[in-house]
Amino acid sequence: MRSCSPCAACKLLRRRCAEDCIFAPYFPSQDPHRFAIVHKVFGASNELPVDQRGDAASSMVYEANARVRDPVYGCVGAISYLQNQVSQLQMQLTVAQTELLRIKMQQDSPSPPYLAPTNIFNNIDSQPEYLNFPSSTNVIQDPSLKTESIWT
C-alpha cells in the first residue's frame, strides 16, 4: 500500500492519484524533480507494458537530465565522449601490447647489432664517430684568425 500523498506525476499534472497509478512506483512524491524533468522533455504517456515501465522511467530521467545539460546532443554527447575514451584507451593498450611483444622478442632472440634499437644519447662513449665532436680544448686555435663580435 502506498502512502496517501500523491505521486510526483499526479502532483505535477494536478490530478487525483489513484491507488493503482502507473506513475507512482517510478515517480515518488519525495522526488518531484524526477518527473518534472521527464515530463518537460518527453510528456506523459502510459503505452508501455508493465514489465518495461521501470526501465523506461529510469531511461527517460537519464535522457531528460542529459537534454537539460546539453540540449543539442543529450545522451548522444555523453555516449560519443565515452566512445572516444574507449577508442583512445584501446590505442594505448595496442601500443603497450606491441611494446611488450617487442621486449619479449628481444629477450627470446638477440637482434643482430645493426638492428638493435639504441638510444645514442644515453652513453656518449658509444656514440658513432660522426657524433663525437671535439671539445673546445682539443680544437687547434689559430691566433691569426680574427673573429668579430656584434656584442663588443
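Author: Arg102 forms a salt bridge with Glu99, and their closest N and O atoms are 2.5 Å apart. A salt bridge here is a side-chain nitrogen of Lys or Arg within 4 Å of a carboxyl oxygen of Asp or Glu. Before we go on: this is a predicted model, where local features need pLDDT of at least 70, side-chain atom pairs count only at pLDDT 80 or more, and totals for chains, interfaces and linings use all residues. Residues are numbered from 1 along each chain as its sequence is written, and side-chain values use heavy atoms, with hydrogens and water left out.

Reader: Where do Arg102 and Glu99 sit, and how many residues apart are they?

Author: They are in helix α4 (residues 75-108), 3 residues apart, so about one helical turn separates them. Helices (H or I, at least four residues) and strands (E, at least two) are DSSP runs, numbered from the N terminus.

Reader: Is Arg102 buried, exposed or partly exposed? And what about Glu99?

Author: Arg102 counts as partly exposed at 35% relative accessibility, and Glu99 as partly exposed at 36%. The cut-offs: buried is under 20% relative accessible area, exposed is over 50%, and partly exposed is in between (1.4 Å probe, protein chains only).

Reader: How many salt bridges does the structure hold?

Author: It holds 3. One of them joins the side chains of Asp108 and Lys104, at 3.1 Å from N to O. Those two are 4 residues apart in helix α4, so again about one helical turn separates them. Asp108 is exposed, with a relative accessible area of 55%, while Lys104 is partly exposed at 48%.

Reader: Which residue does Glu63 pair with?

Author: Glu63 bridges to Arg67, with the closest N and O atoms 2.9 Å apart. Both are in helix α3, 4 residues apart, and therefore about one helical turn from each other. Glu63 is buried, with a relative accessible area of 18%, whereas Arg67 is partly exposed at 29%.

Reader: OK, zooming out. What's the secondary structure of the protein?

Author: It comes to 4 helices and 0 strands, so the order from the N terminus is α-α-α-α. Of the 152 residues, 16% count as buried.

Reader: Let's talk core. Which residues have the most contacts inside the largest nonpolar one?

Author: Cys7, Cys21, Phe23, Phe27, Phe35 and Val38, in a core of 16 residues. The elements giving two or more residues to this core are α1 (8-13), α2 (32-42) and α3 (53-69). By nonpolar core I mean a set of buried Ala, Val, Leu, Ile, Met, Phe, Trp, Tyr and Cys residues joined through side-chain atoms within 4.5 Å.

Reader: Which residues are buried in α2?

Author: Phe35, Ile37 and Val38. Seen down the axis of α2, its buried residues fall within an arc of 165°, so they line one face of the helix. That arc is taken from the directions from the helix axis to the C-beta atoms. On the other side of α2, His33 and Lys40 are exposed. The cover over the buried residues of α2 includes α1 and α3.

Reader: What does Ile37 touch?

Author: Leaving out residues up to four places away in sequence, Ile37 touches Ala64, Asn65 and Val68. Contact means heavy atoms within 4.5 Å. Ile37 is buried, at a relative accessible area of 6%. Its C-alpha atom is separated by 9.6 Å from that of Tyr62, 25 residues apart along the chain.

Reader: Which residues make the nonpolar surface patch?

Author: Val41, Phe42 and Val68 make one of about 230 Å². Patches take residues with over 30% relative accessible area and no salt bridge; like charges are joined within 9 Å, and nonpolar side chains (Val, Leu, Ile, Met, Phe, Trp, Tyr) within 5 Å. Phe42 is in helix α2 and is partly exposed, with a relative accessible area of 40%.

Reader: Last one: what's the phi of Arg14?

Author: It's positive, about 55°, although Arg14 is not a glycine. Arg14 lies in the loop between α1 and α2 and is exposed, with a relative accessible area of 78%.

Methods: Areas by Shrake-Rupley, 256 points an atom, 1.4 Å probe, with all protein chains shown as cover.
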